[in-house]
Amino acid sequence: EFSSFLKQKMLHFGDRKVGVVGCPVHHGQAKPGTEHGPDALREGGLIKKLMGLGLDVHDYGDVGTPSHEDDHHFDLPVKNPKHVATASENIAADVYNVIKSGRTCLALGGDHSMAIGSIFGHSLAEPEHVVVWVDAHADINTPLTSSSGNMHGMPLSFLVKELQPYISKLPGFEFIKPCLSAKNIAYIGLRDVDPGERYIIEKLGIQSFSMSEVDRHGIKDVVEKAMHYLDPEGVKPIHLSFDIDALDPSLAPSTGTPVPGGLSIREGNYICEELAATGRLTCVDIAEVNPSLGNERDNLITVNSALSIITHCFGGRRQGTYPKNYQIPIPTHTNHVAPPPS
């Protein structure tokens with residue numbers, strides 16, 4: 001079986017330390033509101049839920065996202081490159097610091113351009129990491145293959161070593177050094193892939209499991225095959241970049257680019273449980289929660305789905321869990337019920 005990475009089932013996560021970093025970025029796409037995603041998750045009870053799992057949680061607040069005037073590129077239809085570059089550099093620094101401090105990093109988006117910084121920062125702390133990208137979209141367009149110019153569809157292209165001959169120079173991106181080989185990426189959940197992206201995936205041999213493969217093989221086999229491909233020895237740190245639009249729109253309506261036919265919450269939670277069980281999940285991105293889209297009920301559904309995904313990355317299990325060192329309470333004389341009078 002493809003089971004080397006599943007041999008150690010971690011039953012307790014109470015000795016794990018988590019660092020939360022808000023990444024309130026929205027310039028990677030055209031719909032305002034993703035900058036409010038981190039606060040929506042916090043207000044939904046994120047920190048309390050993580051602490052309820054017995055985790056040591058520290059919220060580092062939000063990274064700085066300074067604004068820039070005259071933010072365009074004259075030769076390319078790339079939108080807001082300076083905004084994205086500055087935010088990415090700040091995200092990278094914070095993610096690096098959290099991981100080097102011994103905490104698992106939880107990066108709250110924000111649009112998926114956040115992953116430029118989070119993956120790069122992770123690579124500075126742990127150069128041998130692998131990336132599991134759970135998303136309806138491949139997000140590996142280059143500036144020249146993109147039809148929209150939206151940078152939330154490009155993050156991986158700036159990071160993959162084999163793509164660098166095809167990457168245009170953009171203002172502010174000088175700090176980014178390609179840190180991923182194509183063999184260190186696995187996609188799960190794809191169902192809306194641009195022609196240039198499909199060509200890149202096949203040309204570079206990137207491991208890709210679309211919803212067709214999920215339907216055909218089931219989520220268990222998909223996760224096992226992905227992890228066996230990425231890390232057959234079961235030793236490498238794992239970066240999970242989870243776009244909430246990987247889930248079916250019925251489960252995450254408040255997101256900017258929903259695509260029908262997505263993962264169920266059961267499948268999403270299964271992915272997270274299995275990666276968490278390795279004990280090597282070092283950084284988690286949650287991207288594209290946009291509370292400005294949809295009504296109050298849509299927002300509630302989306303936030304609750306995101307919180308479910310997050311908690312299952314950090315020790316939440318559907319069969320139940322309990323904090324480390326939990327003990328069954330023993331009655332004392334103060335809580336004994338007095339016998340009825342005779």
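Reader: I am looking at a predicted model, and I would like to begin with a single side chain: is Phe175 buried or exposed?

Author: Phe175 is buried, because its relative accessible area is 16% and the cut-off for buried is under 20%. Phe120 also counts as buried, with a relative accessibility of 7%.

Reader: How many aromatic pairs does the structure hold, and how should I read one of them?

Author: In general, a pair of aromatic rings is described by the distance of the centres and the angle of the planes. In this structure there are three aromatic pairs. One of them joins Phe120 and Phe175, whose centres are 5.8 Å apart and whose planes make an angle of 75°, which is an edge-to-face arrangement.

Reader: Why is the pair of Tyr322 and Tyr326 called tilted?

Author: The planes of Tyr322 and Tyr326 stand at 50°, with the ring centres 6.2 Å apart, so the pair is tilted; an angle over 60 degrees would be edge-to-face and one under 30 degrees stacked. Tyr322 counts as partly exposed, at 38% relative accessibility.

Reader: Turning to the backbone, which residues other than glycine have a positive phi?

Author: Asp139 is one of them, with a phi of about 55°, and Glu288 is another, with a phi near 75°. Asp139 is placed in the loop between β4 and β5, and it is buried, with a relative accessible area of 5%. Glu288 is found in the loop between β8 (281-287) and α9 (296-313), and at 1% relative accessibility it also counts as buried.

Reader: What is the form of the peptide bond from Gly109 to Gly110?

Author: That bond from Gly109 to Gly110 is cis, with omega near 10°, and Gly110 lies in the loop between β3 (104-109) and α4.

Reader: Where does pLDDT stay under 50, and what follows for my reading?

Author: As a general rule, where pLDDT is low, the predicted coordinates should not be read in detail. Here the protein chain averages a pLDDT of 92, and 91% of the residues score at least 70. Over residues 1-12, however, pLDDT stays under 50, although the model has 25 contacts beyond four places in sequence for this stretch.

Terms used: Residues are numbered from 1 along each chain as its sequence is written. This is a predicted model: local features need pLDDT of at least 70, side-chain atom pairs count only at pLDDT 80 or more; totals for chains, interfaces and linings use all residues. Side-chain values use heavy atoms; hydrogens and water are left out. Rings of Phe, Tyr and Trp (its six-membered ring) pair if their centres lie within 6.5 Å; planes under 30 degrees apart count as stacked, over 60 as edge-to-face and the rest as tilted. Buried means under 20% relative accessible area, exposed over 50%, partly exposed in between (1.4 Å probe, protein chains only). Helices (H or I, at least four residues) and strands (E, at least two) are DSSP runs, numbered from the N terminus. pLDDT is the predictor's confidence in each residue, from 0 to 100. Contact means heavy atoms within 4.5 Å.
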